[in-house]
Amino acid sequence: MKRFYLTLISVLLTVSASYAGDWSKIKIGTEGAYPPWNGTNAAGELEGAEIDLAMDLCARMNAECELVAQDWDGIIPALQNGKYDAIIAGMSITSERMEVINFSQGYANEPASFSVLKSSPLASLQSAGKVNMDALDNTSSALLDSLKSTLDGKVVGVQGSTTHENFVKQVLGDSVTMKSYDTQQNLELDLTAGRIDAALSDKGSMEEFMSSDNGQNITFIGPGLGGGPFGGGVGAGLRKADTDLLEMINKAIDEARADGTLAEHFIKWFGKDISM
Amino acid sequence: MNYELMIDTFPKLLGGSYITIQLVTISLFIGFCLAIGLALLRLSNNYFLNFFAKTYVFYFRGTPLLVQIFLIYYGIAQFEVVRESLAWIFFKEAYWCGILALTLNTCAYSSEIIRGGIQSVPFGQIESARSTGMSRFLLYRRIILPIAFRQALPAYGNEMILMVKATSLVSTITIMDITGIARLVIAKTFSPVEIFIAAGLIYLTINFIITRLISYCEFKLTPYLQKSE
């Protein structure tokens, strides 16, 4: 019996070893509920800037790619369990995530911002300025402080397991009541319903909602936020062991950036160039 | 398997069990009271009352609880009329929306369980009660309902256990019950296996206690089945 197990283990090892080096077929995990990054259209097909980008990168790597939709809160564990080989899902590169997975170089960067109903008293706080949480100077500290005092005692909504949730927990802490949603859409629904006073999300996806019929009465407040808990841009998430795939993807991103297609994907879906 | 993480998370999850137990007890209590009424409607000879009860049970038993929770929480909030009315005080809170969905759902199932119980009361017992000149109300209070409850108890115990598990669905509408907190911790630790095992153990404990309570009630309600010493 012991020999049987040894044989079994060695067979499994050979199989996985041969699999690890062979990247002619790559499975990519995405959320499919975060337009315009990665959404799902009426026909149930995945679409968005990152879907185009993923297909583009795959062509550059000469790989056959399959896209898999996975709920956001399980997206990292599913990568680790081998359900797919890469995450391309608007995931910000943060030090916390770097502890468990590797990231490719960043391919896009979009600031985060709070948004409120236009009819809300909070809407009096102007949407202006930029705050880099890694390099706070006098101006940006003042912007941050006025944001904090505006939101004091309010109910703030975020999508769960995101950098936005981390920001609210770390920077605003107990001064606000935080509500976590499973998807960006449900967060938007509750913002329009008035169940939350403000929502924190990345600007691009909220702008997508604002351009729809239901999002007409939403507006941004306060500064655009980046750095610190928001991490340094959006990259592809990979298992720590797959360093060869990491090199391939980084090279493909370099190429896409060099010939301008990287920027094109984002201009097409966001109406502006947020590539980096 | 990271046992340390499991042990560290346990107190946090236990904090969530407070909400879970609240949701279960409140919705089971109100749901049960409503279910008695609904079961009586279902047994009534009046066509319209009967039809109402049948339709209610059909819809609430025939659609997933998750869909009901979403419709009550996100659906109702779509109507400006509701948002501007007094009812919004109730519907604004995820907690009450959760309780409402769970209550309406368990009411449908429980009413069928109670109906089955009432219909299983032997007609001879009803007849003999009538022959002593009991009023309809007294007949229900003294004879029919006690026997019906005894018959329905095992099935109702099942419903209670299902309800404990069903409460985990309200974590999707921002309520921080055991599952909600588990998801929050997983977001930080990226270890779903350890955290969900810990959460599962808490649900198991709650259900173990309920199972024992039901067995105890069954034992007490069926003295004629016990062996005399």
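**Ground rules**

I number residues from 1 along each chain as its sequence is written, and chains are lettered from A, with ligands numbered from 1, in the order in which they are written. Since this is a predicted model, local features need pLDDT of at least 70 and side-chain atom pairs count only at pLDDT 80 or more, while totals for chains, interfaces and linings use all residues.

**Entry 1: domains of chain A**

I looked up the domain assignment of chain A first. Domain 1 takes 24-109 + 232-270 and domain 2 takes 112-230; such bounds come from an automatic or database domain assignment. Their C-alpha centres lie 25 Å apart. The contact between them takes 10 residues from domain 1 of chain A and 12 residues from domain 2 of chain A. I take two residues as in contact if their C-beta atoms, placed from the backbone, lie within 7 Å. On the domain 1 side I find 7 nonpolar, 2 polar and 1 charged residues. For these classes, Ala, Val, Leu, Ile, Met, Phe, Trp, Tyr, Cys and Pro count as nonpolar, Asp, Glu, Lys and Arg as charged, and the others, Gly among them, as polar.

**Entry 2: the six-stranded sheet**

Next I traced an open sheet of 6 strands in chain A, in the order β8-β12-β7-β11-β9-β10, with mixed pairing. Helices (H or I, at least four residues) and strands (E, at least two) are DSSP runs, numbered from the N terminus, and two strands pair if DSSP finds at least two bridges between them. β8 (130-132) and β10 (177-181) of chain A stand at the edges with a single partner strand each, so one side of each has no neighbour in the sheet. The twist averages 30° from one strand to the next.

What does β7(A) pair with? It runs antiparallel to β11 (residues 198-202) of chain A, joined by 4 bridges, and antiparallel to β12 (residues 218-226) of chain A, joined by 5 bridges. I checked A:Phe114: it stands opposite A:Leu200 in β11(A) and opposite A:Ile221 in β12(A). A:Ala112 stands opposite A:Asp202 in β11(A). Of the 6 residues in β7(A) (residues 112-117), 5 are buried. Buried means that 20 or more other C-beta atoms lie within 10 Å of the residue's own; 12 or fewer is exposed, in between is partly exposed, and C-beta atoms are placed from the backbone.

**Entry 3: helix α8(A)**

Why is α8(A) (residues 203-210) largely enclosed by the rest of the structure? Because 7 of its 8 residues are buried. The buried ones include A:Lys203, A:Glu207 and A:Glu208, along with A:Met206 and A:Phe209. Their cover includes β7, α7 (184-193), β11, β12 and α10 (261-270) of chain A. The helix lies across β7, β11 and β12 of chain A, at about 115° to β11(A). For such angles, axes are lines fitted to C-alpha atoms, for helices over the stretch in contact, and values run from 0 to 180 degrees between N-to-C directions.

**Entry 4: the five-stranded sheet**

I then found another open sheet in chain A, of 5 strands in the order β4-β1-β5-β13-β6, again with mixed pairing. β4 (64-69) and β6 (102-103) of chain A are its edge strands, each pairing on one side only. β6(A) pairs antiparallel with β13 (residues 237-238) of chain A over 2 bridges, and A:Phe103 has A:Gly237 as its bridge partner there. Helix α2 (residues 49-60) of chain A lies across β1 (25-30) and β4 of chain A, at about 155° to β4(A).

**Entry 5: nonpolar cores**

A nonpolar core here is a set of buried Ala, Val, Leu, Ile, Met, Phe, Trp, Tyr and Cys residues joined through C-beta atoms within 7 Å. The largest has 77 residues, and A:Ile87 and B:Ala182 are among those with the most contacts inside it. Beyond its neighbours within four places in sequence, A:Ile87 is in contact with A:Gly29, A:Ile75, A:Leu79, A:Ala236 and A:Gly237. Apart from that core lies another, of 26 residues, including A:Ala112 and A:Phe114.

**Entry 6: chain B**

Last, chain B: I count 10 helices and 0 strands. Its C-alpha trace spans about 70 × 60 × 25 Å along its principal axes, and buried residues make up 31% of its 229 residues. How many residues of chain B are in contact with chain A? There are 12, against 17 residues of chain A. Helix α9 (residues 178-189) of chain B gives the largest share of the chain B side, 4 residues. By class, that side has 7 nonpolar, 2 polar and 3 charged residues.
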